[in-house]
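Here is a short briefing on how the parts of one protein chain are arranged. Look over the sequence and the structure before reading on.

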Amino acid sequence: MHKINIKDVIKGSIAWDLDIQKGDKLITLNGKEIIDIIDYRYEVSNEFIQLEIEKATGERYIFEVEKDYDEDLGLVFEEEIIDRPKHCRNKCIFCFIDQLPKGVRKSLLFKDDDYRFSFLQGNFITMTNMSEEEIARVIKYKLSPLYVSIHATDDDVRVKMINNPNAKGIMDKLKKLVENGIEVHGQIVLCPEINDGKILDRTIKDLSSLYPGVKSIAVVPVGLTDHREKLYKLRTFTKEEAKNVVEQVFSWQKKLKKELGSSFVFLSDEFYVMAGVTIPSYYHYEGFPQIENGVGLMALFKHQFQRSLKRLKVKKGKNINTTPYIIVTGIAAYNFMEEVAKELRKTGFNVKVEKIHNEFFGHNITVAGLVVGKDIINQLKGKINEEVLVIPDVMLKESSNVFLDDTTVEEIERELGTKVIVSEVDGRKFLQRIQSGR
């Protein structure tokens, strides 16, 4: 029998009133063994619940609870999904984790490929380790949407990229999901001379046939660090190749917009930056279904920022926070943030932008989210006078003040002798922080 440790009980909750305590164990819910958070959420949504609890003494009690269907019991578990996450069994030729420098913290080295995290957190999965029973479970519990790393619908190409024979048959798996009401958002990590060109055309064509079940596809360029010893030989896209990809996808977008009423396939911002072409407008992205994949991030930020700037009804030079700021970003977003800074300076703000070259991962890595603390310290030392640094929260581990190299925000403040403001990647909130100084 699977016993689930109760980490805590929320004060004032149903479990609190029943005197269920930290350290007790959940044995069954409605007479059923609970495997993970999906089982738990499904069973706890009933209005009448039977709860079997084992106390520290070994005694077991059965509680019968009548509640509203959306009322939680107030139990907090050790692990977010209760069960252990499923480990990735692939050896993808482009895997970013395999390219991490030596000495990074162990938590960064864990590769999950777990459909539950896909549903709960929007993590991309390959489906190569999913059994028929697990697919049936997704359908039973309506775990929608799911986020799937597809890369190619050609079996041979997908097997080559994922390095796992179970990568075959992705179209059949996707069809089964969408025919049973599961919405899917797909991802294509594009690698030059592997899954681009005609292979990309076929992939887009195949996947668009499953619309609206497959709701959107993101195309992102392969990210390569300087730490690829003994790994599959890959290269980045040239500027000309990136332009070709932009044109190719634009052609598909026009065609599919006419046929489906949706552009369906979207490029990450990186492709436009690499190609040196203008980012599409806010209205191009149809609700930003893949914003977490860096698709439309700049367009959304710009839209939020410009609307908020118009609302800032102050005369030039008055009621403006004149604190000098340095906005810290990566190479890819530098020109974009410089345009933002120009707008701020016109309004009376004292702002400049500093781009950070990625020495930790390598110069091919240009996104702001992978800038590390030590690179900021090393490259800004001696450049700071009285300026306050503004960094995006994507540089930090979620809900923390720690960079990927374990440098903290406080270390940067101490080393550079200045204050650091952490801003959300949101144009409205960014402007609020610049104006408020916090």
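This is a predicted model: local features need pLDDT of at least 70, side-chain atom pairs count only at pLDDT 80 or more; totals for chains, interfaces and linings use all residues.

**Helix geometry**

- Helix α10 covers residues 297-311 and helix α14 covers residues 427-436.
- The axes of α10 and α14 come within 7 Å and cross at roughly 50°.

- Strands of a sheet pair through backbone hydrogen bonds, and the pairing can be parallel or antiparallel.
- An open sheet of 5 strands is present, with parallel pairing and the order β6-β7-β8-β9-β10.
- Strands β6 (124-125) and β10 (265-267) stand at the edges with a single partner strand each, so one side of each has no neighbour in the sheet.
- Strand β9 (residues 214-221) runs parallel to β10 and is joined to β10 by 3 bridges.
- Ile-217 stands opposite Val-265 in β10.
- Helix α8 (residues 239-260) lies across β8 (184-190) and β10, and runs at about 150° to β10.

**Domains**

- The domain assignment divides the chain into domain 1 (2-75), domain 2 (94-293) and domain 3 (298-434).
- The centres of domain 1 and domain 3, taken over C-alpha atoms, are separated by 45 Å.

Terms used
Residues are numbered from 1 along each chain as its sequence is written. Side-chain values use heavy atoms; hydrogens and water are left out. Two strands pair if DSSP finds at least two bridges between them. Helices (H or I, at least four residues) and strands (E, at least two) are DSSP runs, numbered from the N terminus. Contact means heavy atoms within 4.5 Å. Axes are lines fitted to C-alpha atoms, for helices over the stretch in contact, and angles run from 0 to 180 degrees between N-to-C directions. Domain bounds come from an automatic or database domain assignment.
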